[in-house]
Amino acid sequence: MEFDALLLSRIQFAFTIAFHIIFPAFTIGLASWLAALEFNWLRTGDPLYRNLFRFWVKVFAVSFGLGVVSGIVMSYQFGTNWSRFSEFTGNVLGPVIAYEVITAFFLEAAFLGIMLFGWERVGDRLHFFATCMVALGTLISAFWILSANSWMQTPDGFAIENGKAVPVDWFKVVFNPSFPLRYAHMVMGCYLTTAFAVAGMSAWMLLRHPHDAPAAKLAASRRSMSMALWFATIFVPVQILIGDLHGLGVLKYQPTKLAAIEGNWDRMANMPLRLFALPDEVAETNHYEIAVPKIGSWVLTHAFDGVVPGLKDVAPNNRPPVWPVFFSFRIMVAIGFAMLGVGLWSLYLRWKGTLFTNRTFLTVAMIMTPSGFGAVLFGWFVAEIGRQPYVVYGQLRTADAVSPVMAGAVTASLLIFIAVYAFVFGFGSYYLAKLLRRGPDPVEDIRGDDLGKKPKRPLSVPDEGIEGRSGHRAQPAE
């Protein structure tokens, strides 16, 4: 393996997108979570929902800012490291990315400030409307990004003129064959990422306090954990179903990727379901294979005698790297079924009345906090590495998309990125940890006159100064 400009550019893009994607994966779900909290506060008047909103909106603000910063860096790489890709796809993907800016970014920019700082400046319903618009903006942003990326996976609605892709049918470009299910799969993944993050952080807060602590200290964590687990219990099976339907699309449009996912070398019917194997790309076989006979064909084609493509159907130079695709997919699936298990376990504990006091479950829920991020990352590894050796599937090879730059220049920029990211994201993670250690304020800490007070700094609760709370605390009513 030669560390030339191509490999270094791929490493740099993988590094930046891996950092970037964890923030949209969180904030897309978190924006809708905030809208749900504010809706419940307006519907019930329960100050607990407002308290939870005030806490999670600060987490959202920091995560949103880090996501924006890391996303800008990726955009520049299209010109610096992947200029030939930009030249080939610019007429198609350029407008699609521009649509994201003039729809999602403008919508978020118009309403984000109201959501963050507008509690005392606008009416409750207008503030709720702003929160909903921010949540809608995140979904629109995901729409255009997934459309562009899906076009790279299953390009449609274009023609090649003078060596460049040009659009001939914008509907087919935007709604390319893989887009609808990939968009649904990604959005649901973002929602589940947020659900398990909220549930895990709430479980951690409950573990910090004895179960017989004052109810005011436990109420917020219990409410947020309960809501998050209800969502996860209901929608993890939905996500598994969407993933199954998406797999049928991969079988139809990207058979070589599917062969790599399954470690399947020869086209066959009655393919076994491989639970584990060590693929050998030189010998074109698997070692130490553990498999269930015939089930693989049924899972992939919904027929026991369904034919599954093999890696040998194409030349070796047209195959993706098998190891990362094969194992990334299995890690993603394992995380998904672990999520399903936690959801079912939570139903049993609700029935027993011990959901908030079973320390084993709380510990497992806390451990599952980053599970959604892991599933999203490994899912993207499958999608992007499985597309190789193409950057636009079947049209433009990755080796032909890189800029004519020196390896030293890419190395220098990669090292700078690592240093800057370590500082920026280290500081951001430290501040998020401080917010999470503090947790939501008990309801008794929000008094009637506090609701009209302005915070001493943005994203602070009314009685919080630069060094934390001033110590002023309302006394419980006699």
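Contact here means heavy atoms within 4.5 Å. Helices (H or I, at least four residues) and strands (E, at least two) are DSSP runs, numbered from the N terminus. The model is predicted: local features need pLDDT of at least 70, side-chain atom pairs count only at pLDDT 80 or more, and totals for chains, interfaces and linings use all residues. Residues are numbered from 1 along each chain as its sequence is written, and side-chain values use heavy atoms, with hydrogens and water left out.

Start with helix α13, residues 407-438. It has 32 residues and reaches 46 Å from its first C-alpha to its last. That is close to the 46 Å expected at 1.5 Å a residue; the expected span is 1.5 Å times one less than the number of residues. Which residues of α13 are buried? They are V410, L414, F417, Y421, F425, G428, L432, L435 and L436. Buried means under 20% relative accessible area, exposed means over 50%, and partly exposed lies in between (1.4 Å probe, protein chains only). The buried residues of α13 pack against α1, α2 and α6 (179-208).

Now take α1. Its 40 residues should span 58 Å at 1.5 Å a residue, and its end C-alpha atoms are 58 Å apart, which agrees. Just after α1, G45 takes a positive phi of about 75 degrees.

Next, helix pairs. Two packed helices are described by the angle between their axes and the distance between the axes. Axes are lines fitted to C-alpha atoms, for helices over the stretch in contact, and angles run from 0 to 180 degrees between N-to-C directions. Angles under 35 degrees count as roughly parallel, over 145 as roughly antiparallel, 65 to 115 as roughly perpendicular and the rest as oblique.

α1 and α6 pack at an angle of about 80 degrees, with their axes 7 Å apart. They are therefore roughly perpendicular to each other. On the α1 side, the contact residues include F26 and W33. On the α6 side, they include M186 and Y191. By class, this contact has 12 nonpolar, 4 polar and no charged residues. Ala, Val, Leu, Ile, Met, Phe, Trp, Tyr, Cys and Pro count as nonpolar, Asp, Glu, Lys and Arg as charged, and the others, Gly among them, as polar.

The axes of α3 (residues 83-117) and α4 (residues 124-153) come within 7 Å and cross at roughly 170 degrees. These two helices are therefore roughly antiparallel. Their contact has 24 nonpolar, 8 polar and 2 charged residues.

How many salt bridges does the structure hold? It holds 7. A salt bridge is a side-chain nitrogen of Lys or Arg within 4 Å of a carboxyl oxygen of Asp or Glu. One of them joins D46 and R223, with the closest N and O atoms 3.2 Å apart. D46 sits in the loop between α1 (5-44) and α2 (47-80), while R223 is in helix α7 (residues 215-253), 177 residues apart. D46 is partly exposed at 24%, and R223 is partly exposed at 25%.

E262 and R330 form another, at 3.5 Å between the closest N and O atoms. E262 lies in α8 (residues 255-262) and R330 in α10 (residues 322-352), so the pair ties together parts that are 68 residues apart in sequence. Both residues are buried.

Finally, look at the backbone. A cis peptide bond joins Q388 and P389, with omega about 10 degrees. N162 has a positive phi of about 55 degrees although it is not a glycine. N162 lies in the loop between β1 (158-161) and β2 (164-167), and is exposed at 79%.
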